[in-house]
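Visitor: I am new to this structure. Could you walk me through how to read it?

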Number of protein chains: 2
Amino acid sequence: MKIGILGTGMVGRIHAAKLIELGHDVLIGTQDPAKTLARTDKDMMGNVPFGAWHKDNPKAKLATMADAAAHGELVINALNGHACVPVLKALAGELRGKDLIDISNPLDFSKGMPPTLFASNDTSLGEQIQAAIPGTHVVKALNTMNAFIQVDAKSLANGAHSSFVCGDDAGAKERVTAFLKTAYGWEDVIDLGGIANSRGPEMFLPLWLRLWGSLQIPSFSIKVVR
Amino acid sequence: MKIGILGTGMVGRIHAAKLIELGHDVLIGTQDPAKTLARTDKDMMGNVPFGAWHKDNPKAKLATMADAAAHGELVINALNGHACVPVLKALAGELRGKDLIDISNPLDFSKGMPPTLFASNDTSLGEQIQAAIPGTHVVKALNTMNAFIQVDAKSLANGAHSSFVCGDDAGAKERVTAFLKTAYGWEDVIDLGGIANSRGPEMFLPLWLRLWGSLQIPSFSIKVVR
């Protein structure tokens with residue numbers, strides 16, 4: 001399957017590596033490919049520059065945002081929360097009619113740690129993105145756990161934990177749910193309803209961040225026990 | 001143990017019934033006991049008036065807020081979120097030096113369903129309560145699941161799910177954690193740190209509310225799988 005991944009940070013890289021391993025045709029999008037490959041600094045989370053990662057993952061093809069969005073039959077938004085809305089709005093043409101998996105979180109690091117949310121309570125980043133690209137089927141998913149677990153649910157407790165989808169298009173949610181199960185091994189995918197319900201999983205982040213602080217490991221997830 | 005419970009709604013009643021069953025000496029506090037007993041209307045959640053419940057639970061003693069707060073060696077805040085801060089502030093004298101388990105959530109039903117939060121992101125009800133009664137050890141706990149599960153963790157999946165505590169006083173958190181384990185059967189109680197971390201479990205509520213909507217049952221809880 002042709003898949004476009006928007007964003008060259010750790011989340012985008014981990015999804016790209018997994019999807020290439022599964023045999024998908026992946027294009028990773030960035031604003032300026034030459035500039036991204038030329039970077040030598042680590043990011044704010046201490047991750048190696050993209051070029052260094054790329055040497056170990058030569059099958060990962062880098063392109064402009066527009067080319068990656070145009071390439072994908074399915075597109076994954078792995079952009080920094082702050083960047084999402086303007087970048088995706090500019091890609092409205094390339095994304096029209098497609099399913100977009102939105103993993104982003106509205107994290108605001110400007111007021112210290114742990115970060116607060118720049119959209120919450122009576123709005124969410126998921127619904128702001130959907131409003132910016134009304135011709136695209138936005139499905140909020142996988143924003144509630146570490147990226148390594150996102151792409152390999154069975155790596156934790158043999159998959160005995162939960163993930164969520166929200167979106168206004170029933171068909172897109174079904175396709176994304178099937179993709180999460182088939183590609184990433186998720187067994188428990190809970191449909192929370194329309195895209196405005198992104199407020200739920202996004203507002204889980206403040207608890208996730210504090211659990212990370214308490215448990216001192218990022219490799220955890222929640223199971224909805226019922 | 002002498003326990004004061006503030007609030008005569010379903011949460012207060014369920015805790016009272018459980019603690020009386022366990023042999024504790026419980027006093028339930030309300031603003032005006034005569035008025036509470038005289039009520040004949042159901043509450044907004046469709047629960048029977050306190051008097052009707054009281055007939056089936058004759059051992060549950062009703063008193064003023066001040067008497068219930070003074071009575072308890074341990075006090076449980078089961079008040080409506082909106083009412084908490086002024087009511088507790090007025091009880092600062094009776095509550096001084098005591099442990100207060102705060103179960104409340106800052107739910108705002110004024111803008112339709114599901115409710116939003118009237119305190120979140122850069123504040124929380126837990127920390128507002130602590131600021132209002134600085135002489136009391138406030139421990140946020142049990143606000144992330146239905147009251148029947150709060151008092152009987154083993155009623156769901158034999159207890160294989162998680163609860164959280166936040167509080168500024170380490171001794172109070174230890175005592176409350178021991179109480180949750182002994183009285184209510186909790187096995188996995190995760191310490192999230194100081195009371196300002198109440199933002200985490202309180203901001204879980206928007207996800208809890210949407211899970212309730214999707215699952216169509218209130219009898220669920222989350223397990224932190226790690």
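Guide: Gladly. Keep in mind that this is a predicted model. Let us begin with a helix. Helix α1 (residues 10-21) of chain A has 12 residues. From its first C-alpha to its last it reaches 16 Å, close to the 16 Å expected at 1.5 Å a residue.

Visitor: How do I read the faces of a helix?

Guide: An α-helix has 3.6 residues a turn, so residues three or four places apart point the same way. Now take α1(A). Its buried residues are G12(A), R13(A), I14(A), H15(A), A16(A), K18(A), L19(A) and I20(A).

Visitor: What covers the buried residues of α1(A)?

Guide: Several elements of chain A do. The cover includes the strands β1 (2-6), β2 (25-30) and β4 (74-77). It also includes the helices α3 (50-56), α8 (147-150) and α9 (170-184).

Visitor: And what follows α1(A)?

Guide: G23(A) follows α1(A). The phi of G23(A) is positive, near 95°.

Visitor: How do α1(A) and α9(A) cross?

Guide: Look at the axes. Those of α1(A) and α9(A) come within 11 Å and cross at roughly 70°. That makes α1(A) roughly perpendicular to α9(A).

Visitor: Which residues of α1(A) and α9(A) meet?

Guide: From α1(A), look for H15(A), K18(A) and L19(A). They meet F179(A), A183(A) and Y184(A) in α9(A). By class, this contact has four nonpolar residues, one polar and one charged.

Visitor: At what angle do α1 and α9 of chain B cross?

Guide: In chain B, the axes of α1 (residues 10-21) and α9 (residues 170-184) cross at roughly 70° and come within 11 Å. So α1(B) is roughly perpendicular to α9(B). Here H15(B), K18(B) and L19(B) in α1(B) meet F179(B), A183(B) and Y184(B) in α9(B). The contact of α1(B) with α9(B) has four nonpolar, one polar and one charged residues.

Visitor: How should I think about the two copies?

Guide: Two copies of a chain are related by a rotation about an axis and a shift along it.

Visitor: Through what surface do the copies meet?

Guide: Of the interface residues of chain A, 100% are also interface residues in chain B, so the copies meet through the same surface.

Visitor: Where can I see a residue in contact with the other chain?

Guide: V225(B) counts as buried, at 6% relative accessibility. Leave aside neighbours within four places in sequence. V225(B) is then in contact with residues of chain A, including L156(A), A157(A), A160(A) and H161(A). S219(A), F220(A), S221(A) and K223(A) are among its contacts too.

Visitor: What does S120(B) contact?

Guide: Leaving aside its neighbours within four places in sequence, S120(B) is in contact with N121(A) and M203(B). S120(B) lies in the loop between β7 (116-117) and α7 (125-132) of chain B. S120(B) is buried, with a relative accessible area of 13%.

Visitor: Is helix α7 of chain A enclosed by the rest of the structure or exposed?

Guide: Count its buried residues. Six of the eight residues of α7(A) (residues 125-132) are buried, so this helix is largely enclosed by the rest of the structure. They are L125(A), G126(A), E127(A), I129(A), Q130(A) and A132(A). These residues pack against β4, α5 (84-90), β5 (99-102), β8 (137-141) and α10 (199-203) of chain A.

Visitor: Where is phi positive in a residue other than glycine?

Guide: At A157(A), where phi is near 50°. A157(A) is in the loop between α8 and β9 (162-166) of chain A. At 43% relative accessibility, A157(A) counts as partly exposed. A157(B) has a positive phi of about 50°. A157(B) is also partly exposed, with a relative accessible area of 43%.

Terms used:
Residues are numbered from 1 along each chain as its sequence is written. Chains are lettered from A and ligands numbered from 1 in the order in which they are written. This is a predicted model: local features need pLDDT of at least 70, side-chain atom pairs count only at pLDDT 80 or more; totals for chains, interfaces and linings use all residues. Side-chain values use heavy atoms; hydrogens and water are left out. Axes are lines fitted to C-alpha atoms, for helices over the stretch in contact, and angles run from 0 to 180 degrees between N-to-C directions. Helices (H or I, at least four residues) and strands (E, at least two) are DSSP runs, numbered from the N terminus. Angles under 35 degrees count as roughly parallel, over 145 as roughly antiparallel, 65 to 115 as roughly perpendicular and the rest as oblique. Contact means heavy atoms within 4.5 Å. Ala, Val, Leu, Ile, Met, Phe, Trp, Tyr, Cys and Pro count as nonpolar, Asp, Glu, Lys and Arg as charged, and the others, Gly among them, as polar. The expected span of a helix is 1.5 Å times one less than its number of residues. Buried means under 20% relative accessible area, exposed over 50%, partly exposed in between (1.4 Å probe, protein chains only).
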